[in-house]
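I would ask you to look at the sequence and the structure together as I speak.

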Amino acid sequence: MAATTTETAQRWVGRSVKRVEDPRLLTGRGTYVDDLHLANLHQAAILRSPHAHARIRGIDASKAEALPGVVGVVRGKQVAELSEAFPLGVAAPVRYYSCAVGKVLFVGEPVAVVVAKDRYTAEDACDLIEVDYEPLPCVLDPEKAVEDPTAPILHENVGSNVANHRVLHYGDTDKAWAEADLIVKTGRLVFPKYGSTPVEGYAAAAQWDPLNQAYTIWSNFHGPFIMHPVMCRALGVTEDRLRFIVPPDIGGGFGIKSSVYPYMTLMAICARVTGLPVKWIEDRREHLVASSSGTDRVSYLEAAVKKDGTILGVRMKIYDNCGGYIRTPEPACLYRATGNYSGAYLFQNLKMDQYAVMTNKSLTGPNRGYGCQQLYFGLERLVDQVAYDLGMDVAEVRLKNLIPAGAFPYTTPSGGIYDSGDYSKSVRLALDMAKYDELRKRQTAARASGKLYGIGVATAVDPSVTNMAYITVAWTPEERARKGYLPKAGSSETGSVRIDPSGKAFCMVNTTPEGQGHETAVSQIVADELGMAIGDVHVITEFDTFTRTWSITSGSYSSRFASVGASAVATAARRVKEKVLKIAAPMLEVNPQDLDVRDSKVFVKGSPERSVPIRRIAGQAHWSATLLPEGLEPGLQATCMFNFPNAKPPDEKDRVDSSQTYGFIAEVMGVEIDPATGEVRIDKYVTVHDVGTLINPMIVEGQVMGGALHGVAGALYEEMAYDESGQFLAASFMDYLCPTAMEAPPIEIGHVVSPSPFTVLGSKGCGESSTMTAPAVVANAIADALRPLNIAVRELPMTPNKVWKLLQEQKAKGVA
Amino acid sequence: MKLEGKYTFKAARQKVWDVLLDQKVLASCLPGCERLEEVAPDQFEARLKIGVASVKGTYDGKVRILEKHPISSYRMEVEGSGAPGFVKGEATISLEDKGDKTDILYSGEAQIGGLVASIGQRMLGGVTKLMVNQFFKAMEKKIQ
């Protein structure tokens, strides 16, 4: 039930409070980058490569420059003069700039930028630029790019297409293999390249101040603010000469917008070259062709198992496709899940042989679920294969291998510290909600009548709030031990709360929301802590690196709001409350510990009629500061920069607690396949989540549904497809099939609540949620449907034409 | 993209051959052709205005006729580029007697890049077929 904004009698946290940002967003009153107006603002349009791989022999922009209204054309040459190649997370000497320099490595790569009085003129001028390309052969498959000696090399100075390669060994897989009754293999698995489709694309406006040699950039960048120092290095300025301003509203992000920073850099250079403020608003086609996406991944998995279904160890070989240039924070897709590589399972022996590869596809970066959908697609297909090979039920084999409820906090072989959970309970709840036994009976009946019906089960440990240390697992322990190396470790966030002279609260948290409802959740948390109505708590979301208290891990990524953001703002509110009680104590002639807050009043515990309004306390703090009790500063404010003690650097064995809280997901899905068309219909979809304390159950369920549909999209519809010559084939919603309400299956959501001992409220992140399980559960369900026909499912998306082709091939063999 | 097809002309092989390689006829029959100039023997420069799906644009390109085996076959190389993208392709065209008619068989491969490829992919096959047919129909009118 939705609550009104004036009640205060009960706790706000845990209630489905209506989102306070919605009236603004739903009536078109949001403030986005494109709403920004600056005097003499000019517009940019970007000319992009039509080739997957080509040398640029020359650029003739004379006609474009002569077009009335055009004030400048920026080419790669100027970009290389005015900026350095971006710093990378790997040792490979890849030179990645915000615009192609000498060579293009993927379709859509920026080649030149036109700055003009308006976008029409800029676009028209782009058409007038003549670029002389010398096309080169391309490579698109990440395994081929590494293993095929005839594959073209993208970066001659790197000498191969490998951006990063590491073999991580935890426990002893040789021993596990020797003790195993059986070795189970998945064969070659292919996970597809897909992204997100935020309503608002990338946007950046930049201004250059020649007197101070400083840049100001407005953008819908949502963090991590690690990109601020990264951009400073590229632009050759110190941090005090680069100001980021994020407007109050961002129209969706899903991780994708953390990779807007090359365009922020490009616009900064355009502003500098033209001496004018320059704005660029990405269009949908640009977004699909060249913004960012998750990686496509080729992987081979093997498990050593006992006859009873116990998994002793797992080995994975992975080729992760990062596109033309390894763009920071990649190869993080390979390492984000370091602490939870082993998922929900108890096995102690694990070997990861992993490559981050460069091919002639667009660049990758964080995409909701980052690294986990790829990981769990492989791992959950492997667990299914264990069940198939042993003749066990897929749910039974999972229950057998889950980490038991009493084991938390549980340290994984790769160093993750799973804070809390009850995995068996969650899986059993999912099976019960899906009526699993009944579903199996229905399947038997359906099969008897010639139908293709499959049931899938999948689990995932859902990591949130990453410890930036994980990215350094890309370096060897020896490289991390070198002299002068500064270890990376931390996952902090800042929360600030102040009470104004009227007794109302203002809060700031640096989680740059893109629509997740952080304003609502912060209002709930602070209203509880300060005994106020949520209507009296105002949350400021706009962000400015010059005026906020922040640190480089700030931002909205890795589902970090409900864990670190909520902890920071709750702690700040507690500090303010402490001060409120100290000021009230002499007024009520008691000790501060005898006081509490409710209904915007401070009252004496046990005799609530003795009270003083918070407004009065605030009045004293602001209007009568000199008369405050001794030792108290004027005003009523506190800031907390919250960090986790477990966020340590990787140890010498590459173990790292890569995230600070770990939720859990258990899913059951039933699908029916139409043998005539190959279309997959989701008949049943149950998803059970453990996100610790639920701050706002309605918002959590919204995140779960969105995440589930995003994952289903990757499993059945969306694909950033390329033809064999590297041409991009999905640059509009006609070809990039973003599911709509029509494709959304009914989703039944269940919750198990295991509060995190590591966060202030016990809450964990939930923003990525089923994006990491849905591809696995869809694949497992389809595989189950097709097993009687001896068809294996090794790739996604399982589009109707792919399913139909598999069915026809088997028919030709006389199986179906 | 693979291209393959057949078109039957109601004319003798020699006549079809002559018309097929006549620059003026070519210029008037190529869909959207704004200019076609012979810059060297069997080498032409052309400007075509073509629309595929919502992507309309002007392409400047070169056409080369190679491996001419009069009245039986030749190979054609086409290369063009414009704001909406680029085309690169080659095709073998052969002529066969069919009584008093002539069959033209063509097969080739085209590489299409840029905007046309990325948003017009689904349309390409259909549009290409349509344009080839337009070309041969226009040709047929010239022959008769």
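Which residues have the most contacts inside the largest nonpolar core? In this predicted model, they are A:Met267 and A:Ile782, and the core to which they belong has 197 residues. Both domain 2 (33-136 + 196-290) and domain 3 (373-384 + 392-466 + 657-813) of chain A contribute at least three residues each to this core.

Let us stay with A:Ile782 for a moment. If its neighbours within four places in sequence are set aside, A:Ile782 is in contact with A:Val671, A:Ile673, A:Val680, A:Leu716, A:Val793 and A:Met798.

I turn now to the domains of chain A. On the domain 1 side 21 residues take part in the contact, and on the domain 2 side 24 residues. Together these two domains of chain A bury about 1,700 Å² between them, with 57% of that area on carbon and sulfur atoms. Which three residues supply more than any others of the area that domain 1 buries against domain 2? They are A:Glu514, A:Phe546 and A:Ile552, which account for 32% of it.

The next subject is the aromatic residues. Over all chains, a search of the whole structure finds 29 aromatic pairs. One of these is formed by A:Phe225 and A:Phe244; the pair is tilted, at 6.3 Å centre to centre and with 50 degrees between the planes. A:Phe225 belongs to the loop between strand S10 (214-219) and helix H7 (227-235) of chain A, while A:Phe244 belongs to strand S11 (residues 242-246), so the pair ties together parts that are 19 residues apart in sequence.

B:Tyr7 comes from strand S1 (residues 2-9) of chain B and B:Phe136 from helix H3 (residues 115-143), so the pair ties together parts that are 129 residues apart in sequence. B:Tyr7 is buried, with a relative accessible area of 12%, and B:Phe136 is buried at 6%.

Back in chain A, one aromatic cluster is formed by A:Phe408, A:Tyr410, A:Tyr418, A:Tyr423, A:Tyr662 and A:Phe664. Rings in this chain also meet charged groups: A:Arg315 lies over the face of A:Trp177, 4.0 Å from the ring centre. Likewise, A:Arg482 has its charged end over the ring of A:Trp475, at 5.2 Å from the centre.

I close with the interface of the two chains. How many residues of chain B are in contact with chain A? Twelve residues of chain B are in contact with 13 residues of chain A. The area that chain B and chain A bury between them is about 1,100 Å², and 58% of it is on carbon and sulfur atoms. On the chain B side, B:Phe86, B:Ser118 and B:Arg122 lose the most area to chain A, together 40% of what that side buries.

Methods
Residues numbered from 1 in each chain as written. Chains lettered and ligands numbered in written order. Predicted model: local features only at pLDDT ≥ 70, side-chain atom pairs only at ≥ 80, totals over all residues. Heavy atoms only, no water. Core = buried A, V, L, I, M, F, W, Y, C linked by side-chain atoms within 4.5 Å. Buried < 20%, exposed > 50% of the residue type's maximum accessible area, 1.4 Å probe, protein only. Domains from an automatic or database assignment. Contact = heavy atoms within 4.5 Å. Phe/Tyr/Trp six-rings, centres within 6.5 Å; stacked < 30°, edge-to-face > 60°. Helix = DSSP H or I, 4+ residues; strand = E, 2+ residues; numbered from the N terminus. Lys NZ or Arg CZ within 6 Å of the ring centre and 35° of its normal. Buried area = accessible area lost by both parts, 1.4 Å probe.
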